Amino acid sequence: MVGVSARVLFVGGLGRSGSTLLELVLAQHPDVCAVGEVVHLWERALGGDERCGCGERFSACDFWQRVGEHAFGGWSAVDRAEVLALKDAVDRTRHIPRLARGELSAGQLDQVRRYADLYTRIYAAAMAVTGAQTVVDSSKHASTAFALRWADDLDLRVVHLVRDSRAVAYSWAKQVRRPEVVDAEAYMPTFSPVTVSKLWTAQNAAFHLLATRAPVVRLRYEDFTADPRGTVARVRRFAGLADDPGALRVLDPSPPPLRRAHSIAGNPLRFNSGPLRVRQDDAWRTALPSRSRAVVSAATLPLRLRYGYVGLGRPGSTEAR
């Protein structure tokens, strides 16, 4: 086992909220190591040998092989079936009420800590391999974050990333190819407006609960795109990183060459060779069908109002800041 403590900046929320973009921007400074969505490593990387964000298959990526060696003595030492069974027993939304308790039974605590230890080992190994001070994990799942709060020797800090539910619904309705799958043509799942509304509400509500148990900072995607420099500086401070002007150079009009992140899963944006462009994506305002807009607007109203998404979401309408 890696004998050093690890620090992770966990990006949580519902997918299609800008987590890959935020992660890639943060990863442009050497004090940050971005590893993508580690929650999917067991199925997609170890099981499917999918492509890392660097372009190589997982089994051919030098970074991930060094991480595996450092963390476990090699990935062959990991019993994937056992990990997946443990994941099913611990890392599911239905387990959040139990994971949110102040205490767990001895058996439950042992189970959760064995699962969380797998992540701690990976984070610590990534820090050792790269020399980074913080690892960014954009797994997003609230249940994963709740499990990590029980980890030994882990400095967990959570960015709760929120995006307007109607923009998220529009994005989940689109068919998006998964370029990390090499041997077949695969696409990300699509969800109906009703399903997205349920997921958006459940995931965001869970992070409100987590904020009473662990360090959590809330960030709106719209505020990130409106003020990327201020946002990156704020997130870095929250992560315990130094105020370094070099961390913002990626946002310059003529940025330095893009540092590719060794990310597992996530938006296809991670395969772009850059430069990164942080800008508001408002296509949903004109492209989201009015019926879908009405369904999502009504179903997510309480949290939308709490986050300041009070407008109608139509072209020309404004949202509160």
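Which residue in β4 does Leu9 stand opposite? In this predicted model, Leu9 stands opposite Arg157 of that strand.

**View 1. Pairing of strands β1 and β4.** Strand β1 covers residues 6–12, and strand β4 covers residues 154–162. The two strands pair in the parallel sense, over 7 bridges.

**View 2. Pairing of strands β1 and β3.** β1 also pairs with strand β3, which is formed by residues 134–140. This pairing is in the parallel sense and runs over 4 bridges. Val8 has Val135 as its bridge partner in β3.

**View 3. Burial of strand β1.** Of the 7 residues in β1, 6 are buried, and the strand is mostly covered. In a regular strand, side chains alternate between the two faces of the sheet.

**View 4. Cys52 and its closest cysteine.** The search of the whole structure finds 0 disulfides. The closest cysteine sulfur to that of Cys52 belongs to Cys54, and because the two are 3.7 Å apart, they are too far for a bond. A disulfide would require the sulfur atoms to lie within 2.5 Å. Cys52 is buried, with a relative accessible area of 0%.

**View 5. Cys61 and its nearest cysteine.** Cys61 is in no disulfide, and its nearest cysteine sulfur, in Cys54, is 3.9 Å away. Is Cys61 buried or exposed? Cys61 is buried, at a relative accessible area of 1%.

Conventions:
Residues are numbered from 1 along each chain as its sequence is written. This is a predicted model: local features need pLDDT of at least 70, side-chain atom pairs count only at pLDDT 80 or more; totals for chains, interfaces and linings use all residues. Side-chain values use heavy atoms; hydrogens and water are left out. Buried means under 20% relative accessible area, exposed over 50%, partly exposed in between (1.4 Å probe, protein chains only). Two strands pair if DSSP finds at least two bridges between them.
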